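Subject: Structure handover

Hello,

Here is the structure we talked about handing over. My notes on it follow below the display.

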Amino acid sequence: MSEPTSPLQIGDYRLYWLARLFAVFATISMVVLLGYQVYDVARSDYGMARPEAAFQLGLLGLAQFVPLLLLTPLAGIAADRFDRRRVVLAANLTDALIATALAVLTWQDALNLPILFTLAAMHGGARVFNGPALSAIAPNIVPAKLLPRAIAMGSIAWQAGSVSGPFIGGLLFERMNALPHFLSAFLLLASGLLISLVRPVRAKHEGPPLHPVLQMVEGFRFVKRERFLVGCITLDLFAVLLAGATALLPVYARDILQVGADGLGLMRGAVAFGAAGMALFLSFRPLEHNVGVKMLWAVAVFGLVTCAFAVSTNFLLSLGLLALLGSADMISVFIRSSLVQLYTPDTMRGRVSSISGLAISASNELGELQSGIAAALLGTVGAVIFGGVGAIAVTAAWAWIFPELRHARTFAAKYDEQTPEREITT
């Protein structure tokens with residue numbers, strides 16, 4: 001039987017791809033609508049002014065980040081110690097229950113800020129176990145030479161869910177506000193069923209696994225000694241932490257562009273649409289040369305476009321800028337994700353993915369907190385400009401502090417998958 005030339009020729013990968021699509025659709029829809037509901041409740045029910053209500057969006061990000069911070073080490077250990085399918089299944093079932101609770105409370109018009117923050121924190125706790133296990137499955141079901149293409153195609157699933165989730169969620173919310181949350185619960189259950197059909201996936205170990213505490217320490221030590229991984233992970237952390245324009249989209253949708261929940265769905269969808277288009281392009285024409293420099297330039301463009309979006313008052317122009325922002329971010333995500341997976345042995349992928357996931361979550365959720373505080377101090381437009389300029393400055397600094405990023409030329413695996421702990425020295 002001939003070797004596959006595309007990840008989609010592998011049955012397990014097709015199941016994985018659909019499971020990822022459904023889960024992302026559901027979770028992004030939940031996150032976007034949670035933000036809109038928090039801002040709307042703060043303005044309508046609590047009578048808060050725009051800066052004070054925008055600050056609540058920052059607190060929402062903090063509520064989601066705290067469980068991520070506390071549980072991420074355990075999530076990495078779970079992904080490396082247990083069947084990764086079962087970890088994803090358990091996380092999806094938990095998140096489906098949270099989506100159902102959110103739907104029922106929305107339907108009964110029983111929401112307030114404490115309830116919304118509590119559900120957001122529970123959602124963050126469920127997500128933290130899904131990410132590392134799901135990310136670590138792909139290298140186990142596709143050959144190493146197809147991994148960059150598999151990651152690009154996986155990004156298409158992510159971005160397709162990120163486009164359709166907010167868009168359809170926003171449309172449904174305007175007609176029956178509980179319906180998108182019921183849909184999210186159903187899709188999370190479907191995602192769990194699909195991933196359970198993939199063949200059993202465990203990390204490769206030589207001998208019995210270490211004590212969980214020692215596994216946790218080993219994961220952090222591995223990342224610490226790999227300067228390249230440190231540079232990749234922290235570049236995303238600080239750049240997105242500052243340039244968190246998406247956190248303030250509810251303010252733009254409700255008060256600046258005045259397009260409501262429908263418009264918010266379109267704006268979040270525009271970011272994902274641009275990213276999905278770039279991911280589709282990269283799945284057919286993957287980057288092969290000077291990948292580190294291209295990653296740095298992509299982050300710089302991300303910051304520049306963020307500044308342009310901040311001052312736009314035209315809805316169509318704003319949509320175009322958000323699509324461009326998503327495209328730039330996709331280039332960075334594609335390169336960084338591929339390099340992190342290829343620079344990590346399989347025995348460590350769950351823990352390294354959890355550490356990378358913590359950085360991504362910190363950049364997103366703490367970025368929302370930073371954006372909320374900055375909006376309260378500088379105004380919404382000033383906060384977004386501040387973030388974009390900060391992302392450009394971080395890119396320049398990291399290019400100098402971590403020359404390893406500039407020197408990354410190709411997607412060459414660092415470790416031999418047949419003997420996961422052994423570096424390739426060719």
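Two residues count as in contact here when they have heavy atoms within 4.5 Å. The model is a predicted one, and everything below should be read as computed from it.

Gln-56 is a case for that definition. Gln-56 sits in helix H2, which spans residues 50–81. Apart from neighbours within four places in sequence, Gln-56 has contacts with Val-38, Ala-42, Met-48, Leu-113 and Phe-117. Gln-56 is classed as buried because its relative accessibility is 8%, and buried means under 20%.

His-123 belongs to helix H4, residues 113–141. With neighbours within four places in sequence left aside, the contacts of His-123 are Thr-27, Met-30, Val-31, Gln-64, Asp-95 and Ile-98. The relative accessible area of His-123 is 0%, so His-123 is buried.

Overall composition

The protein has 426 residues, and 59% of them are buried. Its secondary structure amounts to 15 helices and zero strands. Taking contacts between residues at least 6 apart in sequence, 87% are between residues at least 24 apart.

Salt bridges

There are four salt bridges in the model. One of them is between the side chains of Asp-40 and Arg-254, at 3.5 Å from N to O. That pair links distant parts of the chain, since Asp-40 is in helix H1 and Arg-254 in helix H9 (residues 249–256), 214 residues apart. Asp-40 is partly exposed at a relative accessible area of 26%, and Arg-254 is also partly exposed, with 26% relative accessibility.

Another salt bridge joins Arg-43 to Asp-255, where the closest N and O atoms are 3.4 Å apart. Here too distant parts of the chain are linked: Arg-43 is in helix H1 and Asp-255 in helix H9, 212 residues apart.

Through shared partners, the salt bridges join Asp-40, Arg-43, Arg-50, Arg-254 and Asp-255 into one network.

Aromatic pairs

The structure contains five aromatic pairs. Among them is the pair of Tyr-13 and Tyr-16, with 5.6 Å from centre to centre and 40° between the planes, which makes the pair tilted. Both tyrosines lie in helix H1 (residues 11–44), three residues apart, about one turn of the helix. Tyr-13 is buried, with a relative accessible area of 0%, and Tyr-16 is buried as well, at 4%.

Trp-107 and Phe-182 form another pair: the ring centres are 6.4 Å apart and the planes stand at 80°, so the pair is edge-to-face. The cut-off behind that label is an angle over 60 degrees. Trp-107 lies in helix H3 (residues 84–107) and Phe-182 in helix H6 (residues 179–196), so the pair ties together parts that are 75 residues apart in sequence. Trp-107 is exposed, with a relative accessible area of 54%, while Phe-182 counts as partly exposed at 30% relative accessibility.

Surface patch

Which residues form a nonpolar patch on the surface? They are Leu-62, Val-66, Leu-69 and Leu-70, which together have about 340 Å² of accessible area. Leu-69 is in helix H2. Leu-69 has a relative accessible area of 44% and so is partly exposed. A residue needs over 30% relative accessible area to be part of such a patch.

Regards

Terms used: Residues numbered from 1 in each chain as written. Predicted model: local features only at pLDDT ≥ 70, side-chain atom pairs only at ≥ 80, totals over all residues. Heavy atoms only, no water. Patch = residues over 30% accessible without salt bridge, like charges linked within 9 Å, V, L, I, M, F, W, Y side chains within 5 Å. Areas by Shrake-Rupley, 256 points an atom, 1.4 Å probe, with all protein chains shown as cover. Helix = DSSP H or I, 4+ residues; strand = E, 2+ residues; numbered from the N terminus. Buried < 20%, exposed > 50% of the residue type's maximum accessible area, 1.4 Å probe, protein only. Phe/Tyr/Trp six-rings, centres within 6.5 Å; stacked < 30°, edge-to-face > 60°.
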